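Before you go further with this model, here are some notes for reading it alongside the sequence. They are meant to be followed with the structure open beside them.

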Amino acid sequence: MRETIESTTVLLVAGKGGVGKSTVSVATAIAAAQLGRRTAIIELSPSPVVEALSASIANGDAVLGSSVEKLSIIHLRPEEVLVEYLEDHGMAVLGRRLISTGVVSVIATAIPGIRELLVLAKTKQMERSGDFDTIILDAPASGHLVTFLSSPKGLADIASVGLLRSQAEEVTALLGDPSRSKVVMVTLAEETPVSETIETVAKIAQLKTVAIGKVVINGLIQRPDISSQSAELLASLTSSSDEVNAYNYVSSRATMQSQSVAVLAHALSEITSIELPFLFTTALTTNEASTLARYLIDPSIRLGMPDVG
Amino acid sequence: MSAEPHDHAPVLASRRTLEDLVRNKKVLVMTGPGGVGKTSSAAALAVGAALMGIRTCVVTIDPAKRLADALGIENIGNEPVQIDAFGSGDLYAVMLDADATFDDLVVKYAKSPEQASKILANRVYQNLTKNLSGIQEYMAMEKLYELHNDSRFDLMVVDTPPSSNALDFLDAPRRLIGFLDNKVFRLIMNPGPAILRPVSFAARAVLRTISKVVGSEVVDEAVAFFQDFEGMEEGFRMRAESVQALMRNDATAFIVVTAPRGDTVKEAASFGEKLAGFGFQVAGLISNRHTPDFDTGTRNEELPTVLSSRELEVLEQNLTRMEQLRISESKEVDWIVGLLAPARLVKVPMLAKDISNIEDLAKMARSLI
């Protein structure tokens, strides 16, 4: 992941609900900051792990070390961005009040993708400002992602006369340049998220609006480290035991996951992936995100395994 | 497990499953965050009910391909289709098409076929179901309303799409009507008494600014939409009220679906609280994907003879970690039981494989009912 982070400014982190998209966004942001990059994470809807990071930054959490100074969190609400944009283009105060009565939602409905465009336009503005080396956009769940990414080009067609046209063109240019932006797809090693990932990647490839930088496979459970002969011996045991049952469970989940990983690797042979370990925890705090960040920078470290032998 | 309700004693026997909900309710609505197995839970509950001889219809929304295959509903549309569940004729399924459901409503409430076709062709209308948040969920409720008097079914189980905002679907009818009642556009079409003229004037100014930004075509089409819709708001409003009444009916219950992870549980809890706050009946809580309990005290004396001491230690640590995980999963979920009382909680263990046929659904149903 290090080369993806270091070769691109804007990373659009995407994935289906429940796969850990926000966790990967936060881990990637921490990793970028630890690599010395001035990093912003853009959050579009409230997320507990982003909130946890926000608290850690405010409290100067030791786990972040000196990278804390490099991290910013930007909360973007598309409706607000649109109102702001209209104000910048001559709308008066009374206009703001009328807008709050729903004109914006009517207009936004008339132009699907305008919210997405404005979010990307704001991202582009941040990128152009030169204030950040890495900008991470925690993108909407993948069902909406394709709309999200296809909006600027579609908009260039719709908004053929308005001021938005130049915005649409500039966003298209941002997405089309892999040194400026890339998509990071997050998935779990399970059948449904894997097939959705393959579908989404195919759609994005077809649209040719943006490059896919990396597929992050989240939550891979590691098989307890015993020799293959021992594993065979365990399988042949006739009487059961708690340790063996727990081993078999983890082992069969690991097998299922590696089958899903194989399906993914086969379908997406041109895209590199990185595997993140399952952390045996139910609550992801900044601590866990930092652990994953270390792993993103250097996948050769072993995480979450009992330190024995 | 059988539940025999006695006159004075609480029905303790059924406290641990959703059996009496399936038996006594007419409508079960499954809600919860994304990625927790909501669609599978809805399908499993429906299969389980059908196997109990209850004539059931499951309304699913965008099921994963494999689940659609499992139900045999790959090519079904917006109308209920009978599903073969172990030869019982009691299971029906319908795959919600939100756009088609909305179109049906427009046709129903339009004063003339011309009005209907003008609306259906308008770009603002065509994007409404995709853009107005909560509308998909609302259309699921609409479909439910349409089907709830269907004499073929005793029970409807409805899946809802994952919401980023728990209030979206509760709020959708109000938002839809608010949208249709948009004051700015109303003022432009009909400025009203002189005292309101300045506001109307300002509204025009706003639209002019918007025209500059997005082009006048879009604004013209928005105005046309409101002209075409004129007179239909009342029908929509009444319909929305009937749908709400059905949701609050005694025979309707909500089931919150979650998974035992901190963020997911928090989201589910706030969902459940809001539902209850709005006066809906939250009667069940399904928590999927729990780590099984391995710590039974069963030891195998052979182990030390076949494994090295290092490997033995690896296995022991693995067992300990699974046990810690199981306990912390339970803690994550248990705290919301008090919060959502009297809703009962059913924990479903992590499935050994993805659901791929109706037997898998029946198996999942056994832990639910």
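This is a predicted model: local features need pLDDT of at least 70, side-chain atom pairs count only at pLDDT 80 or more; totals for chains, interfaces and linings use all residues.

1. In chain A, seven strands form an open sheet with parallel pairing, and their order is β3-β2-β4-β1-β5-β6-β7. The edges are taken by β3 and β7 (273-277) of chain A, each of which has a single partner strand, so one side of each is left without a neighbour in the sheet. From one strand to the next, the twist averages 20 degrees.

2. For a residue to look at here, take A:E43, whose bridge partner in β3(A) is A:H75.

3. Two helices of chain A should be viewed together with the sheet. The helix α2(A) lies across β1 (10-14), β2, β3, β4, β5 (181-188), β6 (211-220) and β7 of chain A, and it runs at about 175 degrees to β4(A). The helix α3(A) also packs on the sheet, where it touches β2, β3 and β4 of chain A, and its direction makes about 135 degrees with that of β3(A).

4. Does the length of α3(A) agree or disagree with what its residue count predicts? Its 12 residues (48-59), at 1.5 Å a residue, should span 16 Å, and the end C-alpha atoms are 16 Å apart, which agrees. Its buried residues are A:V49, A:V50, A:L53 and A:S56; seen down the helix axis, they fall within an arc of 115 degrees, so they line one face of α3(A). The face turned away from this buried side carries the exposed residues A:A58 and A:N59.

5. The buried residues of α3(A) pack against elements of chain A that include both helices and strands, namely α2 (21-34), β2 (39-43), β3 (71-75), β4 (134-138) and α12 (286-297). Just after α3(A), the residue A:G60 takes a positive phi of about 60 degrees.

6. In chain B, the 16 residues of helix α13 (262-277) should span 22 Å at 1.5 Å a residue, and its end C-alpha atoms are 22 Å apart, which agrees. The buried residues of α13(B) are B:G262, B:T264, B:V265, B:A268, B:A269, B:F271, B:G272 and B:L275. Just after this helix, B:G279 takes a positive phi of about 85 degrees.

7. Is B:T258 buried or exposed? This residue, which lies in strand β6 (252-258) of chain B, has a relative accessible area of 0% and is therefore buried. Leaving aside residues up to four places away in sequence, B:T258 touches B:V36, B:T264, B:V265, B:A268, B:I286, B:S287 and B:N288; among these, B:T264, B:V265 and B:A268 are buried residues of α13(B).

8. Over all chains, the structure holds 10 aromatic pairs. One of them is formed by A:F278 and A:F280, an edge-to-face pair with 5.1 Å from centre to centre and 65 degrees between the planes, and both of these residues are buried. In B:F229 and B:F236, the ring centres are 5.6 Å apart and the planes are at 55 degrees, so this pair is tilted. B:F229 counts as buried at 1% relative accessibility, and B:F236 is buried with a relative accessible area of 3%. Both belong to one aromatic cluster, which is formed by B:F102, B:Y109, B:Y125, B:F225, B:F226, B:F229 and B:F236.

Methods: Residues are numbered from 1 along each chain as its sequence is written. Chains are lettered from A and ligands numbered from 1 in the order in which they are written. Side-chain values use heavy atoms; hydrogens and water are left out. Helices (H or I, at least four residues) and strands (E, at least two) are DSSP runs, numbered from the N terminus. The expected span of a helix is 1.5 Å times one less than its number of residues. Buried means under 20% relative accessible area, exposed over 50%, partly exposed in between (1.4 Å probe, protein chains only). The arc is that of the directions from the helix axis to the C-beta atoms. Contact means heavy atoms within 4.5 Å. Two strands pair if DSSP finds at least two bridges between them. Axes are lines fitted to C-alpha atoms, for helices over the stretch in contact, and angles run from 0 to 180 degrees between N-to-C directions. Rings of Phe, Tyr and Trp (its six-membered ring) pair if their centres lie within 6.5 Å; planes under 30 degrees apart count as stacked, over 60 as edge-to-face and the rest as tilted.
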